[in-house]
Amino acid sequence: MIAELGLAALWLAAALAGLQLIAGALGLREGGAGMAALVRPAAVVQALLCALAFGVLLLLFVRTDLSVALVARNSHSDKPLIFKLAGTWGNHEGSMLLWVSVMALAGGLIAFLERRLPERTMIATLGAQAFVAVGFYAFLLASSNPFERLPVPAAEGMGLNPLLQDVGLAFHPPTLYVGYVGLSVAFSFAVGALLTRQVTPDFAKVMRPWVLGAWIFLTLGITAGSYWAYYELGWGGWWFWDPVENASLMPWLAATALLHSASVLASRDALRAWTIMLGVVAFSMSMIGTFLVRSGILTSVHAFAVDPERGSFILVLLAIYIGGALLLFAIRAGTIAEGERFSILSREGALVVNNVALSAILGIVLLGTLYPLLTEAFGVRVSVGPPYFNPVGAVFFLPMLGVLAIGPLLRWRRDSFERIQPSVVAIAVVGVAVLAGVYFLAGIALLPLLGMALAAAVAIGSVLPLRGRSLRRLPLPVWGMVVAHFGVAVALFGMAADTAFQQERLVAAQVGETVEDGPWSITLVSVEPVAGPNWTALEATLHARYKGGEPSVVQPQARSFWTPPQETSEAALLTRWNGQLYSVIGGEAEGGRWQLRLWWKPFVTWIWYGGVLIALGGLLALVGRLAGDLKRRSAQAQIAARRAAP
Amino acid sequence: MTYLRWVLLALVAGLFGLFAYMLAQPKDEFVHSAMIGQPIPAFDLPPAVADRPGLSNRDLADGQPKLLNVFASWCVPCAAEAPNLAKLEAAGANIVAVAIRDRPEDVARFLEVYGNPFSRIGKDDISAVQLSIGSSGVPETFVIDGEGVIRHQHIGDIRDSDVSVLLAELREAGA
């Protein structure tokens, strides 16, 4: 019965989304106030029903209800509870249900809370949100029903892909999804604003927390995904320019640009049409990314639902939503009045540079991701990888970082170079000093060298706005900017240091043998079989000494899972503040030797510390904005109460 | 700026056209050799077993079209295609082979169990020849004409229905 309850809730939610769309469309017409009054309640109830459906699917996975096809295909009664939960979204149907649930919850929240914009714009926004939701409900119910029953319950589940049985992965997809789908709110606000031609600073202020929230989740999701790929795949790399990684990076780039342009619109009423376009593009990138992954049109490790029929369905949806929104934009953008003007040397000017550079990088990543598809249509197979993405992306990324170091020092509207000259000189001196120092001491390749110099410059530039200000009275959003920009410097330093200084050893070692890797000497102590809940493994015990110090134990494993049968390698990491020792055990080599792969990766962890700092900066800004909104709201309520009193 | 918006829309429309077209195409997971139509690169491999000579590119340009089979004793589909290689040999095909990353005793045992249709077997311990002719796995079978030019590539094991196809390709290469 439980599965049927979930399915019923899903159908009802879909029907309410239909009602919300129709009521929204009719409510926008003359005398449609009665209809318009339906929109908000419909959105709230839809959100509750959808949350109920998702809760039901979670429950089915926790109980391992093997009469449900999805559970039987993706779970197993032996699995630890956390991975049973993760199984809910570690598959096509469940992740699509998560998608619509997040979207419905976001829509419900706006409907329940948001009162600042003109009601017509809100009705149009919620109508647009329902328009997008209806398509995804149709997709779920028509071709990806998560609650489908088996005619005969299965005796045992088929398990979850062993690579995915990892705590990091339990949280990586939902985090990214909240980010992807959170951008749907920006999309709906943009469409709503286009429909009613109301592009105002208020619009940007209302949209901004949603973009910030989505962007925080995307940042965390990408950071976690990168770390997961790093330690779980056992290849020692942290970014592979895989289509799916690109699919998550593209919405992040668009959202980052949107975040900055929305702040220009909110503070200065400029960049109106551009902000609207980014709102459309950001969610479009989420949808295109999801499509590329789910349709199997691109070959990728992440493609878990290769099904052309589903691909066609999503493609039609995308064509309607993205094409429709861009068409609306093309028709209406001319009628949006131009915003305030500003001089090039101003905060707005720097943010425009940031936006142009981010958009260019977005274009480069999109082109690189789609190029193999394009050439394949003409019968030529190519693969595009780091030799394209790294240098071409760097052409825009590195100058953008230069502007990032200076931009926050500039004043809005107009500034003079004389005013910021001391700060610019300080930043430049630090950058050049690091550049020269690293070049003469280490003589590393150009890209990591520039990366290190810019990391130093950005680190200095990011904290300079604190100078001469009372740290206690500094608004939280400014703290957020400082922390996030500093995080960029930290992550960039980690990337450059790991690229330039990592040391790899691949050896066939006997038990008792000692291997040198960079500052480490590593002794292979033993290789023993071990067993886990649903796997067995060969586990090597290594004693690693950093510069002849005390030995630490690391134990990499080569694991064999039995549901489904698959081999994975569990890398073992030894983390110091200045980097990580990364060890992998391979198979047995000839003569009782064991293949060991060892990497010394200086400062590699700083990449993810930086990612977390960037997200933390976003969180500070979000909390600051929301607290500000609440304060304003209670002040307005007080004024209203005082007026009402005699 | 006005028409730029329409350009954006047109680009997106083109993108969706491409997606739709590619979705309709059957998915081809094979990596085809870029060397088809090219003369085989120079190589000289030592014999993989005692009772057959090794293989060089000159042996492939002796005027007679040949089948070049890329195999290994550790490869299960290679064992599966053995009966069909025997059929091809019985139909008059001259088959030469390259054994990939293998030990002589293992190759000898493999040929003892599954039969030896090969006139020459070269020993390629580092997959050098395999890579140079654009083969990405085992087994693969190439049709080489009398001048040593690669005419056709068959990826995967040779099924019953592939025998006549390979014989036809071989006849065409001889013409």
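Predicted model: local features only at pLDDT ≥ 70, side-chain atom pairs only at ≥ 80, totals over all residues.
In chain B, 37% of the 175 residues are buried; in chain A, buried residues account for 49% of 646.

**Chain B as a whole**

- The secondary structure of chain B consists of six helices and seven strands, and along the sequence these elements follow the pattern α-β-β-β-α-α-β-α-β-α-β-β-α.
- Chain B has a radius of gyration of 21 Å, well over the 16 Å that the globule rule gives for 175 residues, so the chain is more spread out than a compact globule.
- Of the contacts in chain B with a separation of 6 or more, 76% are accounted for by residues 24 or more positions apart.

**Chain A as a whole**

- Chain A contains 17 helices and 10 strands, and its C-alpha trace extends over about 90 × 75 × 60 Å along the principal axes.
- A compact globule of 646 residues would have a radius of gyration near 26 Å, and the 27 Å of chain A agrees with that value.
- When contacts in chain A between residues at least 6 apart in sequence are considered, 75% of them join residues at least 24 apart.

**The open sheet of chain B**

- Five strands of chain B form an open sheet with mixed pairing, and their order across the sheet is β5-β4-β3-β6-β7.
- The edges of this sheet are formed by β5 (118-124) and β7 (150-155) of chain B, each of which pairs on one side only, while the twist from one strand to the next averages 20 degrees.
- Strand β4 (residues 95-100) of chain B runs parallel to β5(B), and six bridges join the two strands; within this pairing, B:Val98 has B:Gly122 of β5(B) as its bridge partner.

**The open sheet of chain A**

- Four strands of chain A form an open sheet in the order β1-β10-β9-β8, and here the pairing is antiparallel.
- The edge strands of this sheet are β1 (503-509) and β8 (572-576) of chain A, each pairing on one side only, and neighbouring strands are turned by 15 degrees against each other on average, with direction ignored.
- Strand β10(A) is mostly covered, since seven of its nine residues are buried.
- On one side, β10(A) is joined by seven bridges to β1(A), the two strands running antiparallel, and A:Val507 finds its bridge partner there in A:Leu596 of β10(A).
- Strand β9 (residues 579-588) of chain A is likewise antiparallel to strand β10 (residues 594-602) of chain A, with eight bridges between them.
- Along β10(A), A:Trp599 stands opposite A:Tyr582, and A:Leu598 is the bridge partner of A:Ser583.

**Helices α2 and α5 of chain A**

- Helix α2 (residues 33-62) of chain A packs against helix α5 (residues 92-113) of chain A at an angle of about 150 degrees, with the axes 8 Å apart, which makes α2(A) roughly antiparallel to α5(A).
- The crossing in which α2(A) passes α5(A) is left-handed.
- Residues of α2(A) that meet α5(A) include A:Ala43, A:Ala47, A:Cys50, A:Phe54 and A:Leu57, and among those on the α5(A) side are A:Leu97, A:Leu98, A:Ala104, A:Gly108 and A:Phe112.

**Helices α9 and α12 of chain A**

- The axes of helix α9 (residues 243-268) of chain A and helix α12 (residues 347-377) of chain A come within 9 Å of each other and cross at roughly 160 degrees; α9(A) and α12(A) are therefore roughly antiparallel.
- The crossing of α9(A) past α12(A) is left-handed.
- Among the residues that α9(A) brings to this meeting are A:Pro243, A:Leu249, A:Met250, A:His260 and A:Arg268, while α12(A) contributes residues including A:Glu348, A:Leu351, A:Asn355, A:Ile361 and A:Thr369.

Technical notes:
Residues numbered from 1 in each chain as written. Chains lettered and ligands numbered in written order. Pairing = 2+ DSSP bridges. Axes fitted to C-alpha atoms, helices over the stretch in contact; angles between N-to-C directions. Rg over C-alpha atoms; globule rule 2.2 N^0.38 Å. Buried ≥ 20, exposed ≤ 12 C-beta atoms within 10 Å, placed from the backbone. Contact = placed C-beta atoms within 7 Å. Parallel < 35°, antiparallel > 145°, perpendicular 65-115°, else oblique. Left-handed = near helix turned anticlockwise from the far one by under 90°.
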